Amino acid sequence: GNDGAASLASALEENRFLREMNLGINMIGPEGAEAIASALRVNRSLRNLNLLSNKIESEGGLSIASALLQNPSLRKIDLDRNGMSNDLKRKIERLVELNKPGLVDAA
């Protein structure tokens, strides 16, 4: 839930080695998504984040999208079945796509 997400996010802010985090099916809501977003603003090691089947909704999705504007390292995110619009989910996935190596060079 949100408390667990907040605890993990706090640890993620300081972690420089974790590459993948699976938080799927954990009842994370918008409040927990905001904590994760705060961690994404400073973490530079995480490459893959699974948030499948939570309750993040649009409010939490907007927090994550905002954080991704400051995160150059995340390469994959799974936000399926989170109660947010498909449009918002696609925009977040596009932000992550922009982090893939070589994309800037190809433009």
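Modeller: The secondary structure comes to five helices and three strands. Those are DSSP runs numbered from the N terminus, with helices being H or I of at least four residues and strands being E of at least two. This is a predicted model, so local features need pLDDT of at least 70 and side-chain atom pairs count only at pLDDT 80 or more, while totals for chains, interfaces and linings use all residues. Residues are numbered from 1 along each chain as its sequence is written, and side-chain values use heavy atoms, with hydrogens and water left out.

Colleague: What pattern does the protein follow along the sequence?

Modeller: Reading along the sequence gives α-β-α-β-α-β-α-α.

Colleague: And in what order do the strands sit in the sheet?

Modeller: The order is β1-β2-β3, in an open sheet with parallel pairing. Two strands pair if DSSP finds at least two bridges between them. The edge strands, each pairing on one side only, are β1 (20-22) and β3 (76-78). The twist from one strand to the next averages 0°; for such angles, axes are lines fitted to C-alpha atoms, for helices over the stretch in contact, and the angles run from 0 to 180 degrees between N-to-C directions.

Colleague: Moving on to the inside. Which residues have the most contacts in the largest nonpolar core?

Modeller: Leu49, Leu51, Ile64, Ile77 and Ile92, in a core of 28 residues. A nonpolar core here is a set of buried Ala, Val, Leu, Ile, Met, Phe, Trp, Tyr and Cys residues joined through side-chain atoms within 4.5 Å. At least two residues of this core come from each of α1 (2-14), α2 (30-42), α3 (57-68) and α4 (86-97). The largest share, six residues, is from α2.

Colleague: What does Leu49 touch?

Modeller: Not counting residues up to four places away in sequence, Leu49 touches Met21, Leu23, Ile36, Leu40, Leu74, Lys76, Ile77 and Asp78. Contact means heavy atoms within 4.5 Å.

Colleague: Met21 is on that list. Is Met21 buried or exposed?

Modeller: Met21 is buried, because its relative accessible area is 12%. The cut-offs are under 20% for buried and over 50% for exposed, with partly exposed in between, using a 1.4 Å probe and protein chains only. Met21 is found in strand β1. Leaving aside neighbours within four places in sequence, Met21 is in contact with Leu12, Leu46, Asn48, Leu49 and Asn50.

Colleague: Where does Arg81 lie?

Modeller: Arg81 lies in the loop between β3 and α4. At 60% relative accessibility, Arg81 counts as exposed. Arg81 touches Leu52, Ser53 and Asn54, not counting residues up to four places away in sequence. The C-alpha atoms of Arg81 and Ile25 are separated by 9.6 Å, and the two residues are 56 residues apart along the chain.

Colleague: I also had Glu34 marked. What is Glu34 in contact with?

Modeller: Arg41 and Ser63, leaving aside neighbours within four places in sequence. Glu34 lies in helix α2 and, at 33% relative accessibility, counts as partly exposed.

Colleague: Last topic, the whole protein. Why call it compact?

Modeller: A compact globule of 107 residues would have a radius of gyration near 13 Å, and the protein has 13 Å, so the two agree. That radius is taken over C-alpha atoms, and the globule rule is 2.2 Å times the number of residues to the power 0.38. The C-alpha atoms fill a box of roughly 40 × 30 × 20 Å along the principal axes.
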